[in-house]
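Today I am opening my notebook on aromatic rings.

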Amino acid sequence: MNEDRLFEQLKREVDLLGRALGKAIRTLSGERVFELEEQIRELTKALRQSGLEDTREQLRAIVRGLTQAEAENMIRAFSTYFHLVNLAEERQRVRVNREREKKSTPLAPRGESFMALVGQLKQRGLSYQQAVDVLSRLRLHLTFTAHPTETRRRTQRHHLAEVQRLLERLERGEPAWEELAARVMLLWGTTELRKTRPSVEDEVKGGLFYATGALWQAVPKLVEGLERAVEAHYGRRPDLAPPLVFRSWIGGDRDGNPNVTPEMTAWAQKYARELALRQFVAGIDEQIRDLSLTDDRVAISRELRLALEEQAKHLPLPERFQGEPYRQFGMGLRYKLRAALGEQPGPGYSTTAEFVSDLGKAERSLEQLGLGEIARVSVRPLRLNAEAFGLELVNLDLREESRALTEAVAELLKTAGVHERYGSLEPQQREALLTQELATARPLAPVGYRPQTKTLQTALEAMRNWRARGAHVVSMTHYPSDLLEVLLLAREVGLYRPGRALPFDVVPLFETLSDLQNAPQVVARLLDNPVFRAHVQGRGGLEVMIGYSDSNKDAGFLAANWALYRAQEAISAVARSREVEVYYFHGRGTSTARGGGTAGRAIASLPPGTVGSRMRLTEQGEALADRYAHPELAYRNLEQMLYHLALASARDLYAQAEPLPEAWREAMERAAQRSTEAYRELLLRPGFFEFYEQLTPIREIGALNIASRPVYRSGRVREIKDLRAIPWVMSWTQVRLLLPGWYGLAEGLEEIPLSLRQEMFAQWPFFATTLDSAAIALAKADLGIAREYLRLVEPDLAERFFPSIAQAFEKTKALLEETFQGPLLRNHPVLARQTELRNPYVDPISLVQVELLTRYRRTPPESPERPGLERALMLSILGIAAGLRNAG
């Protein structure tokens, strides 16, 4: 079956789901709603094809005439359609993946596959041991974070999962149409929105949903796939550890989120641990069921026999498995897991290493009996998951903004009589004071002291409650003292000893353009500071987080990307000069403005000498469903990332990269500077903030119950800098302009002669990936739809700003196509086809949103119509996010 035939299958499934949705709408909401939806759909498609003004006016008139209930139903109809289409597209990706995998061979491997990876390592001259060394070192840390548009209720996810199951039955030829129609009916009849703002608990449960599902299934298969690829190319099979580590911010990210209390941190790690333990109990139950080998047929290893004898001393094991040693041993493991859950008395597992060790004993015993196949099928997958996830499931990070840490430390120093006004000191004075103070182990607060500020109380209680320790990330890191403050707070709760490392990494987060430019100097001072250097050496290196979001908001798309590139080069050089390993944590979002796009290609475009073997990436809440809802999609996404990480790691390990031509570097410097000037000129132009507020639904995003975190960094919001990056990008996405993903790029590209630009694009992965990301943003944008939102803007403001934005859009598009020598999405034919097919279905939601915003803004807050308008607006925001497959 070729891919054209697979596409026909996708179209049939979409048609089937569309008919089921139409039936549900007619049955539950009536013919009038169905006819309205069909009329709007046909007119929108016609407008896309013809662009006739009469058609546009007819469509506007229908939308203006919708009652509030009809408007909400239109949004729900098109949004539900997208949820169903997204599901069908996931199934299509699985089918295409399977088809391509079938054709893959060691000599002609599939692109970005493990087979292709190991083949390239061999072509580069790496021996078997060198290749295994590269793969053994790899550690990709995926960090789950919350996102405001990933607010689908678990009920919705359940119905969609059932639709998926029924589509699989239909594909096998089983009769399931009536069940499918019933399930879509249930989906249509279920409210999409929670009654209240999503809580942090909701976000924790939503993020971790994928850890024990598709990812749990994917991890053992990834290790298996890597080992098979090595065997295919080198003739020997290694024993590899999982190259993945799972982490989370959800429940520990306090930066600007008052809902992430110390109690919430305690709950989040307890919830994750219970999930993991129950998952391991289920895995052990399968082993007990399957490993029915009897001691009159097999002679177990001495190691396992001694372990059984030790178990018998401490655990009341049942009699029913006498003579079945592997089942007996499994019951011991089960008992200790349940004891860790608090469901059994007696000793339970206290560390992951204990559990992994026990699983290893069973695995080795089977291998010694010549039963390696049984070990590989029955024990090894659980052991690999134990190594990857651990008993905590995810290591939880704490994150706090530097200002809050300074305020907390200031209270401690004042209370102890060390300094009355620590916050007023110059940065170097703070650093000197803290360095001197951290030479001792004494706490500052007297016994029984109760913090006077909530800031200090929260900082100390959160650190006391923190058990699943990932890293402590310091947002808005400006100076070395911002990190030393974490050490001082840790000392207060007994976690710090002079000359030793803390039991967690302390991670600076460089976000704005100026902070990225100053980052090398800050890192140099940190590594030269005796207190922090002792900590870093004890931890085996320094982790540095770089933020893609605030740098973009601050300096624009092109300059932010170049600043990130240069900062990594310079920080790595500083660390090398001091013989310290540095690891990067990339705070990427899903939109191109926030570092989104294809993660694997982004890794390939990182500066040589900065990647190494360990890397962290954020996985935004809205991306989790797209990447990790299905085990095969999870496998393929992770395979592609690991492919690029391993190649970059081998390049850095064996110094195989060519130096960057000076002409390219100079060209990027000029382009970035001019790009920032153009971007900031727009944002600083008088009236721009008012234009932005009127054009986009930014105020509404802030007012609606769309996430647990406020959208503003502070209460005063009269400038762009007061906004958080996600809502900034999200608001531009809603009006289909995606301005943060491309504005200022044209002026930058004009600084580079065409021939040099094309040379850089063809030969420099960073430049190619950056331009490719901008092209995706432009392709998803739509000036025609954006113009509809001008109805919300005062005419003089609209005239002052929109024509120049539209001109910049067309100019950027032309310059990119000139550079590419082809259309914007020449490398993304699937996305191009999806965008073309999706636009006529996203457009109606946008048009209804404009009408709803008009009504909402003129409706008094006390009006009884207000709650209904808010609900419909919320649905429109989520619907556009679903249609575009990302929001911010």
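I looked up ring clusters and found Phe144, Trp216, Phe246, Phe280, Tyr349, Phe355 and Phe389 linked by ring pairs. Rings of Phe, Tyr and Trp (its six-membered ring) pair if their centres lie within 6.5 Å; planes under 30 degrees apart are stacked, over 60 edge-to-face, and the rest tilted.

A note on the source: this is a predicted model, where local features need pLDDT of at least 70 and side-chain atom pairs count only at pLDDT 80 or more, while totals for chains, interfaces and linings use all residues. Residues are numbered from 1 along each chain as its sequence is written, and side-chain values use heavy atoms, leaving out hydrogens and water.

I searched the whole structure and got 34 aromatic pairs. In one of them, tryptophan 267 and tyrosine 271 have ring centres 5.1 Å apart and planes at 15°, so I log the pair as stacked. Both sit in helix 11 (residues 262-290), 4 residues or about one helical turn apart; helices here are DSSP runs of H or I, at least four residues, strands are E runs of at least two, and both are numbered from the N terminus.

Next I checked tryptophan 466 and phenylalanine 504: with centres 4.7 Å apart and planes at 55°, the pair is tilted. Is tryptophan 466 buried or exposed? I find tryptophan 466 buried, at 0% relative accessibility (buried is under 20% relative accessible area, exposed over 50%, partly exposed in between, with a 1.4 Å probe and protein chains only). Phenylalanine 504 is buried too, at 0%.
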